[in-house]
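Colleague: Let us go through this model by question and answer, with the cut-offs stated as we go.

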Amino acid sequence: MKIGNTSIWNISTRIPEIYGTLITLGLILYFFISYLFGFIHVIELRLFNLVILIAGVYFALRQYQRTHGGHMDYFHSFTTGMATAAIGSLTFAVFLLVYLSIDKALMQMIADKQPLGLHLDPYIASFMVSLEGIFSGLFVTFLLANFLSERRPVTRVPGNGEIIQ
């Protein structure tokens, strides 16, 4: 995919937006597939949402590494991964809010199957999905940032004990 003369995969300033959008599209596609085949009510299959989130954050961090000459410290990897996960999960939560507001039958089916379903509405359901996505993204980013960030040995400045990285 190209924007002007630049490939979208070589842009280094919009990595969270690009991969957050891809995460959202993956989550929406999985939502409609599970709705179409009738297993949207199976709670355990929500674990696949985590797989989509892991893949999106991983490829975002790899693109950051590729577009910055192979250099990625912990801070930049953590902020890039967390922004990617936040954009993906919050955009999906907005989609879910709109969709559950339109499809009242699905909202009622979800409310009937939940322990506190009497108090469940599209706002609370989408808020819970956004919280789940943010905290899952925090966990995934923490793991991947430690795994992918560049490690350099720490050296001390002779005489004053300062640490240079």
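Modeller: Contact here means heavy atoms within 4.5 Å. The model is predicted, so local features need pLDDT of at least 70 and side-chain atom pairs count only at pLDDT 80 or more, while totals for chains, interfaces and linings use all residues. Residues are numbered from 1 along each chain as its sequence is written, and side-chain values use heavy atoms, with hydrogens and water left out.

Colleague: Which residues does S34 touch, not counting residues up to four places away in sequence?
Modeller: S34 is found in helix 1; helices are DSSP runs (H or I, at least four residues), numbered from the N terminus. With residues up to four places away in sequence set aside, S34 touches F39 and I40.

Colleague: Is S34 buried or exposed?
Modeller: Buried means under 20% relative accessible area, exposed over 50%, and partly exposed in between (1.4 Å probe, protein chains only). S34 has 6% relative accessibility, so S34 counts as buried.

Colleague: Which residues of helix 3 and helix 4 make the contact?
Modeller: Helix 4 contributes K104, L106, M107 and I110. From helix 3 come Y99, L100, S101 and I102.

Colleague: Is the pair of Y30 and F48 stacked, edge-to-face or tilted?
Modeller: Rings of Phe, Tyr and Trp (its six-membered ring) pair if their centres lie within 6.5 Å; planes under 30 degrees apart count as stacked, over 60 as edge-to-face and the rest as tilted. By this rule there are 13 aromatic pairs. The ring centres of Y30 and F48 are 4.8 Å apart and the planes stand at 55°, so this pair is tilted.

Colleague: Where in the chain do Y30 and F48 lie?
Modeller: The two are 18 residues apart, and the pair links distant parts of the chain. Y30 is in helix 1 (residues 15-36), and F48 is in helix 2 (residues 47-67).
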